[in-house]
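Here is a brief report on one chain. It starts with a contact, then widens to the fold and the confidence.

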Amino acid sequence: MKTENGKLKKYKLGDIEKTISEEEYSELLKSAKTQIDTSRSTLAFQVNSTANATYWNLGKLLHEQKIDGGYGSDIKILMRNCYTL
């Protein structure tokens with residue numbers, strides 16, 4: 001395999017070794033980076049959405065039970081008790 005500038009890249013994955021042009025290698029890395037960036041963004045969105053929904057539902061639960069001692073009062077104790085159930 002020859003390229004315009006004659007430069008090739010070798011890479012090895014396990015027992016498989018392949019030689020590709022620098023341009024192909026660059027495109028491979030670009031595609032991998034794009035996939036990783038997209039996955040990170042999706043994951044961050046999902047985590048944030050889940051956290052927001054959890055806090056919203058917790059607030060709703062506390063409101064329905066008329067638990068209101070002011071901002072943050074005893075919420076830490078309530079949450080700690082939730083994890084010991």
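Lys33 and Asp37 sit four residues apart in helix 1, about one turn of the helix. The model is predicted. An α-helix has 3.6 residues a turn, so residues three or four places apart point the same way. Lys33 forms a salt bridge with Asp37, and their closest N and O atoms are 2.8 Å apart. The count of salt bridges comes to one.

How exposed are the two partners? The table gives their relative accessible areas.

| Residue | Relative accessible area | Class |
|---|---|---|
| Lys33 | 52% | exposed |
| Asp37 | 30% | partly exposed |

Lys33 counts as exposed because its 52% relative accessibility is over the 50% cut-off.

## The chain around it

The chain holds two helices and two strands. From the N terminus, the order is β-β-α-α. Helix 1 covers residues 22–64, which is 43 residues. Its first and last C-alpha atoms lie 63 Å apart, close to the 63 Å expected at 1.5 Å a residue. Just after helix 1, Lys66 takes a positive phi of about 60 degrees.

Of the chain's 85 residues, 5% count as buried. The chain exposes about 8,100 Å², with 56% of that supplied by carbon and sulfur atoms.

## Confidence

The chain averages a pLDDT of 80, and 73% of the residues score at least 70. Among its elements, helix 1 has the highest mean pLDDT, 91. Helix 2, residues 75–82, has the lowest, 68. Where pLDDT is low, the predicted coordinates should not be read in detail.

Notes
Residues numbered from 1 in each chain as written. Predicted model: local features only at pLDDT ≥ 70, side-chain atom pairs only at ≥ 80, totals over all residues. Heavy atoms only, no water. Expected span 1.5 Å × (residues − 1). pLDDT = per-residue confidence, 0-100. Buried < 20%, exposed > 50% of the residue type's maximum accessible area, 1.4 Å probe, protein only. Areas by Shrake-Rupley, 256 points an atom, 1.4 Å probe, with all protein chains shown as cover. Salt bridge = Lys/Arg side-chain N within 4 Å of Asp/Glu carboxyl O.
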